[in-house]
Amino acid sequence: MLCIHVANIAALLSSCVSFGLIICSRRWDGEVGVLCVFCWTFSFIGSLLNLLTLMFSFHMGVRPIFWRNISITISSYAALFCLSASIIFPNYFLKGQEDNEFYSYFILVEIFSCIATLGHLVEVWMVWIDPTCYMAMGSGLLQVSQTYIASAIVFFLANIVPFKDHPAMIWSLAVYCMCFFCTFVSIICCTFQNQHNQIWQKGFNLIAAVMYLSVAWPVFHLIQDLGQIVFPGSCQNDLGLWPQTRLIIVLGLTAFNFLLYLLSVCDACILRSNVNEEEENTTSSSTSEPRPIETPDEIRASVLPVELSRSLQQQNIIGNHQSLHRTDLRSQQNSFNVYIKNLNIYVNK
């Protein structure tokens, strides 16, 4: 528990330093700068809320399992956001900026961003080792990853080409948005219930995997069409990526999310089989007839030879008679003491 608190504080301070330095430099304009500031701000606010809740015991007013689900979900998203900012930031702000006066600021921003990422990853890893809530298990972390990748796909897909010229891309964007929305609603429901509806979840994951597979061909077809077009330099975004390159990234993320949904289906099947095995074990143990208890004499007879067992039985009989004689003597002594007391009482009268 102490390691989790230390990792949370390290992520809090590092993300605060990162977005504080980039704001002081006043060089965070553009979509990449706004994205990085958003990632560090989310990390800072999430870590601060987690720390304040534990310090002032605000979580005592809600179910403990609900608060653990909320905290691990925020930490998982913060880890993914800080990881993205740590990858995107040097590609845009540090590449070719060695002579810039803000270069040292940017180096510190990148260092503290990596520290914040490491802090959140350690926090998630410590909870994942001994999961006490659903969102810390593999199923919950898969759902968080699926929503994050869907949002990254929409980020790379925006402002590539006019969608009215490519109707198939409208279907692709609709698939990404629908899967993101349904998975996010599932995360909220699982956070409250600390479990998921296995039948509904299995069916949705299978449908989402099929839908992701259906959008792979339109994206691939659009990549081939854009490969024959010569774009001007203004078509590059802040990351320096051409539309065709961004579509290749979108295709790769689509394939990766397709695999994640298939893993979710397999995970739901495994959980269902484990539940069925536990139910069968409980029912078989409850319906099984009780085994008769063997007496010590029966155990000795089954293990020891016949002559040795007979001798032991005779010794036990002798010991029992001796114990009976001792109890008789004790009872006689007690009665004798009673007679003496009665005699003393008679004499006094």
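Tutor: The largest pocket is lined by 28 residues, and those that lie nearest its centre are Leu-80, Phe-81, Ser-84, Tyr-148 and Ser-151. A pocket here is an open set of points on a 1 Å grid over the protein atoms alone, where a 1.4 Å probe fits and protein lies on both sides within 12 Å along at least five of seven lines, and lining residues have an atom within 4 Å of a point. This is a predicted model, in which local features need pLDDT of at least 70 and side-chain atom pairs count only at pLDDT 80 or more, while totals for chains, interfaces and linings use all residues. Residues are numbered from 1 along each chain as its sequence is written, and side-chain values use heavy atoms, with hydrogens and water left out.

The space in this pocket comes to about 750 Å³, a volume being the space filled by probe spheres set on the grid points, which are joined across faces, edges and corners. At least two lining residues come from each of helix H2 (31-55), helix H3 (64-94), helix H5 (138-157) and helix H6 (167-193), and H3 gives the most, with 10 residues. Helices are DSSP runs of H or I with at least four residues, strands are runs of E with at least two, and both are numbered from the N terminus. By class, the lining has 23 nonpolar, 5 polar and no charged residues, where Ala, Val, Leu, Ile, Met, Phe, Trp, Tyr, Cys and Pro count as nonpolar, Asp, Glu, Lys and Arg as charged, and the others, Gly among them, as polar.

Two of these helices also hold buried residues that can be described one by one. Thr-53, in helix H2, counts as buried because its relative accessibility is 12%, buried meaning under 20% relative accessible area with a 1.4 Å probe and protein chains only. The side chain of Thr-53 reaches the backbone oxygen of Leu-49 at 2.6 Å.

Among contacts with a separation of 6 or more, 78% join residues 24 or more positions apart, contact meaning heavy atoms within 4.5 Å.

Terms used. Buried means under 20% relative accessible area, exposed over 50%, partly exposed in between (1.4 Å probe, protein chains only). A polar contact is a pair of N or O atoms within 3.5 Å; within protein, one must be able to donate a hydrogen and the other to accept it, and residues adjacent in sequence count only if both atoms are side-chain atoms.
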